[in-house]
Amino acid sequence: MLMTRSAQVGLFDAAVVMGPLPEGSFYALLAEHGDRIVRDSDFTECYSARLGRPSIPPSLLAKVMLLQHRTGVSDEQAMECVAWDLRWKVALGLPVDHQGWHPTSLTKFRARLLLHRKEGLALENTLRLAGELGMLDGTVEQIIDSTPMLGAAATQDTVRLVRHGVRKLIDAVSALGQEVGRTLGDGLEFDYERPGEKPDCRWREKAERERMLTRVAQDAARALSAVEQSEGLLGDPQIKAAHELLGELVGQDFDIDQEGVPRLHRGTRSDRIISTVDTEMRHGRKSSQHGFDGYKLSAAASNGSEPLITAVHVSAGGESDGAQAKHLIDAQPSERRPARVLGDTAYGNGPVRAELAERGVNVLAPVPEGRFAEGRIGKREFRIDLDAGTVTCPAGQTVAISVSKSGLRGASFSRSICGACPLKAACCAGRPRRQINVREHENLLLAARQALADPATAEYLRHKRPRIERLLGLLAHRYGARKSRYIGSQKAHLQAAWAAALVNLNPIGHHLAAQNT
């Protein structure tokens, strides 16, 4: 049952005993304006109106979470701070003798937020407060970018992945009956009491290593087959989930040869599961030199005088940056969606521009261009006129755009045109003629190139786009969103949203302090 916080001040309240906190501190901001940031009424849907014991006032737990993310402490440490740190007591409006609550109160509170889809509540409330203060007025564009978010689970190699997958299947079967699980385990070659330990093998010798990997995969296949042949086991949701996971773990790293023997797959498949603890984690790359394991945290920020994070989205680490742009727009109410977004090259390709155009959002970002050696002529030096249906080369030759038998649009310059052209060596060296492909979203790309051909527009993008970097730096480094605290993308999104709320509370706090002077 929802229990609301009393506004009555007691004789032993920490604020009365200790006096006001230093101006400008986050604790003072929560003490003075905490009820404008989170309110008990925000959580009405999370609690029964009449049944159950009275809850801890949810606004207090929400403020504890804000303090927790700001200071980087664990649940246990947060409750120790509630009990023994007078700054926390003043910020929360508690008496000096308040002993705090059990750390599991925070665990259950987060579960309520996730269950009722309120993981972004703190971020939305900071934006509501910013709107009341006039800090979002006139914002017509936003900046978008992403940063890595490391996973909380350890990355596992192929052997440990498969062995842990088998262990999960044995545990799921054992939940129906210990005897059934023991029978499944006895029919396997290896022992799975400690799945993190690898079987004995000369792992540094390639031939021995690959033979052992095949044996590990064959043992997993025996487990899968045994469950499939046992009547009724796959009807259990837990067993079915464990069976599907193990099948995917084997399938992603092994190929079946002509004799039906699993052999290690050469190379790494995309979207590969890298942990049985957090099956949503993926390998990702921030650049060609730097990889990471976990998630990709994308954010949108207002481009006003005081930039604020307006939306966050967490995706698998292997997904592209540009594909997340539509999620950032969809996460915002219609009245706050921008008319234009600014981004880097990852957001400048045709599919991303088309997805945002469907949502009424224009994109100001560099267009990805193919790499050409110095002195070579690239596609952008050809003049494409979609209205006239023609393409004109740098030498002034014009041909019509046509559609090939495979359905691709393009312009093919004949051998006679290219063969006698003085620019042939720079345009199509080693080829008899030049062909220009006209992509599905060519009109959007042409408009983008034309916009950035204006020096003022290009300078505006160069000057404004990096503004989001500082906010991402605060999000990742100061407020702990560089590494997920929790397992799963939904909980990682909750962490990112509450960290983003803290980023927004910095300028909001300065604005409120200026009003009081």
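These exercises walk through parts of a predicted model, each with a worked solution.

Residues are numbered from 1 along each chain as its sequence is written, and side-chain values use heavy atoms, with hydrogens and water left out. Because the model is predicted, local features need pLDDT of at least 70 and side-chain atom pairs count only at pLDDT 80 or more, while totals for chains, interfaces and linings use all residues.

**Exercise 1. Find the partners of strand β1, and say how each pair runs.**

Step 1. Helices (H or I, at least four residues) and strands (E, at least two) are DSSP runs, numbered from the N terminus. Two strands pair if DSSP finds at least two bridges between them.

Step 2. Locate β1. The strand covers residues 141-150. Nine of its 10 residues are buried. Buried means under 20% relative accessible area, exposed means over 50%, and partly exposed lies in between (1.4 Å probe, protein chains only).

Step 3. Take β7, residues 340-342. β1 and β7 are parallel, with three bridges. E141 has R340 as its bridge partner in β7.

Step 4. Take β5. Nine bridges link β5 to β1, and the two run antiparallel. Q142 faces S302 of β5.

**Exercise 2. Describe the hairpin of β4 and β5.**

Step 1. Place the strands. β4 spans residues 282-285, and β5 spans residues 291-302.

Step 2. Read the pairing. Four bridges hold the two in the antiparallel sense. H283 stands opposite D293 of β5. Five residues lie between the strands of the hairpin.

Step 3. Sort the faces of β4. In a regular strand the side chains alternate between the two faces of the sheet. R282 and G284 make up the covered face of β4, H283 and R285 the uncovered one.

**Exercise 3. Give the strand order of the open sheet that holds β10.**

Step 1. The order is β9-β10-β11, with antiparallel pairing.

Step 2. β9 (383-385) and β11 (398-400) are the edge strands, each pairing on one side only.

Step 3. The average twist from one strand to the next is 20°.

Step 4. Look at β9 and β10 (residues 390-392). They are antiparallel and share three bridges. R383 is set opposite T392 of β10.

**Exercise 4. Work out how α2 packs on α3.**

Step 1. Two packed helices are described by the angle between their axes and the distance between the axes. Axes are lines fitted to C-alpha atoms, for helices over the stretch in contact, and angles run from 0 to 180 degrees between N-to-C directions.

Step 2. α2 holds residues 26-37 and α3 residues 58-71. Their axes come within 11 Å and cross at roughly 145°.

Step 3. List the contact (heavy atoms within 4.5 Å). From α2 come F26, Y27, L30, G34, D35 and I37. From α3 come K63, L66, L67, R70 and T71.

Step 4. Class the residues. Ala, Val, Leu, Ile, Met, Phe, Trp, Tyr, Cys and Pro count as nonpolar, Asp, Glu, Lys and Arg as charged, and the others, Gly among them, as polar. The α2 and α3 contact then has six nonpolar, two polar and three charged residues.

**Exercise 5. Is A220 buried or exposed, and what does it touch?**

Step 1. A220 belongs to α10, residues 206-229.

Step 2. A220 is buried, because its relative accessibility is 0%.

Step 3. Neighbours within four places in sequence aside, A220 contacts V162, V166, L246 and V250.
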